[in-house]
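Me: Can you walk me through this one? I want the domains, the sheets and the helix packing.

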Amino acid sequence: MPELPEVETVCRSLAPFIVGKRVSECLIGEKKLIKSSTAEEFRKKIIGRSFNNVQRRGKYILLLLDDGETLVVHLRMTGKLLISLKDEPVNKHTHVRFSFEDCEQELRYEDIRKFGILYLGDEAKLAQLKGLVNLGYEPLSEEFTTEVLKEILHSSNKKIKAVLLDQTKIAGIGNIYADEILFQAKIHPESIAKNITDEEVIKALHFAIQDRLREGIKYGGSSIKDYVNSFGEAGSFQKLHKVYAKAGERCVECGGILDKMTSAGRSSTYCPNCQIKY
Ligand SMILES: [Zn+2]
């Protein structure tokens, strides 16, 4: 599933293409992907609108329109927003197509599993999109300080892995980056959040969160299965993963064997030697 660095990469690849473009047609094959209204209402509303800006919030892509409304896209498991030539063959996983005035290229929404969402509305309508409005801190923002992280940890009896994955606490982290963050911070995934009280450890965790996410963005995200940016290009951060999906391999720090466990309902890979349980 695309996480913050992948979604940020999609936004950055999409912005130079889409900003200023006016929608001339919108073809919707898979109607259930449209969550804000009927597919036909969505189509009528989006035709004639142009895109003013592209923003990201957590794992949500926000395409700001010239009438003040926003087209929200969440890629979930296998969604992709791809810039294609209009005459490029359409594959069976292409479910929504946006064409633009005076433009040979179009924007296609592809999704193998069809779990993604497209949601169009004004501020009041967006307020009904619970996953979006309930998002927690943006981890690369100035507001997300060590003090904020300390408070998040202090107020939770849950395992640290679950806290990192909780979008209402910190937005945008998924399983890949959670494993990489905990390895860098030398914290065992089953540690209880409120037991992490040492200032130095909290600082290390705060640093690891920002550092791993920034590195992920720098390398264009992690392409494990499906993920590509809007030009169809894969990211390369997966080559720099140290633990994710590497159970049974040697730890790059201590040479021990990496272990795997199910934690917070998700698979976690970690080093039993390097990562301390609090
Ligand atoms: Zn180790």
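**Strands, domains and helices**

Reply: Strand β6 (residues 94-100) and strand β7 (residues 105-111) run antiparallel and are joined by 5 bridges. Strands and helices here are DSSP runs numbered from the N terminus: E of at least two residues for strands, H or I of at least four for helices. Two strands pair if DSSP finds at least two bridges between them.

Me: What stands opposite S99 in β7?

Reply: E106 does.

Me: What should I know about the model and the numbering?

Reply: This is a predicted model: local features need pLDDT of at least 70, side-chain atom pairs count only at pLDDT 80 or more, and totals for chains, interfaces and linings use all residues. Residues are numbered from 1 along each chain as its sequence is written.

Me: Which sheet has β6 and β7 in it?

Reply: An open sheet of 4 strands, in the order β1-β6-β7-β5, with antiparallel pairing. Its edge strands are β1 (23-28) and β5, and each pairs on one side only. Neighbouring strands are turned by 20 degrees against each other on average, direction ignored. Angles run from 0 to 180 degrees between N-to-C directions, and axes are lines fitted to C-alpha atoms, for helices over the stretch in contact.

Me: What is the strand order in the open sheet with β8?

Reply: The order is β2-β3-β4-β8, an open sheet of 4 strands with antiparallel pairing. β2 and β8 (117-121) are the edges with a single partner strand each, so one side of each has no neighbour in the sheet. Here too, neighbouring strands are turned by 20 degrees on average, direction ignored.

Me: How many bridges for β2 and β3?

Reply: 6 bridges, antiparallel, between β2 (residues 51-57) and β3 (residues 60-65). R57 stands opposite Y60 in β3. The hairpin of β2 and β3 has 2 residues between the strands, and G58 takes a positive phi near 55 degrees there.

Me: And how many bridges join β3 to β4?

Reply: 5 bridges join β3 to β4 (residues 70-74), again in an antiparallel run. L62 has V72 in β4 as its bridge partner.

Me: Which strands does α1 lie across?

Reply: α1 lies across β2 and β3, at about 175 degrees to β2.

Me: Switching topic. What are the domains?

Reply: The domain assignment gives domain 1 (4-133) and domain 2 (146-270). Such bounds come from an automatic or database domain assignment. The domain centres, taken over C-alpha atoms, are 29 Å apart.

Me: How many residues does each domain give to the contact?

Reply: Domain 1 gives 18 residues and domain 2 gives 19. Two residues are in contact if their C-beta atoms, placed from the backbone, lie within 7 Å. On the domain 1 side, the elements giving two or more residues are α1 (4-18) and β5 (79-85). The largest share of that side, 9 residues, comes from α1.

Me: What classes are the residues on that side of domain 1?

Reply: 9 are nonpolar, 4 polar and 5 charged. Nonpolar means Ala, Val, Leu, Ile, Met, Phe, Trp, Tyr, Cys and Pro; charged means Asp, Glu, Lys and Arg; the others, Gly among them, are polar.

Me: How do α1 and α8 cross?

Reply: Their axes come within 8 Å and cross at roughly 40 degrees. α1 and α8 are therefore oblique to each other. The cut-offs: under 35 degrees is roughly parallel, over 145 roughly antiparallel, 65 to 115 roughly perpendicular, the rest oblique. The crossing of α1 and α8 is right-handed: right-handed if the near helix is turned clockwise from the far one by less than a right angle, left-handed if anticlockwise. L4, P5, E8 and T9 of α1 meet L213, G216 and I217 of α8.

Me: What about α7 and α8?

Reply: α7 (residues 175-184) and α8 (residues 199-218) pack at about 130 degrees, axes 9 Å apart. That pair is therefore oblique. α7 passes α8 in a right-handed crossing. Y177, E180, I181 and Q184 in α7 meet A208, I209, D211, R212, L213 and G216 in α8.

Me: Last one. At what angle do α5 and α8 cross?

Reply: Roughly 110 degrees, and the axes of α5 (residues 146-154) and α8 come within 9 Å. α5 and α8 are therefore roughly perpendicular. T146, L149, K150 and L153 of α5 make the contact with I202, K203, L205 and H206 of α8. By class, this contact has 4 nonpolar, 2 polar and 2 charged residues.
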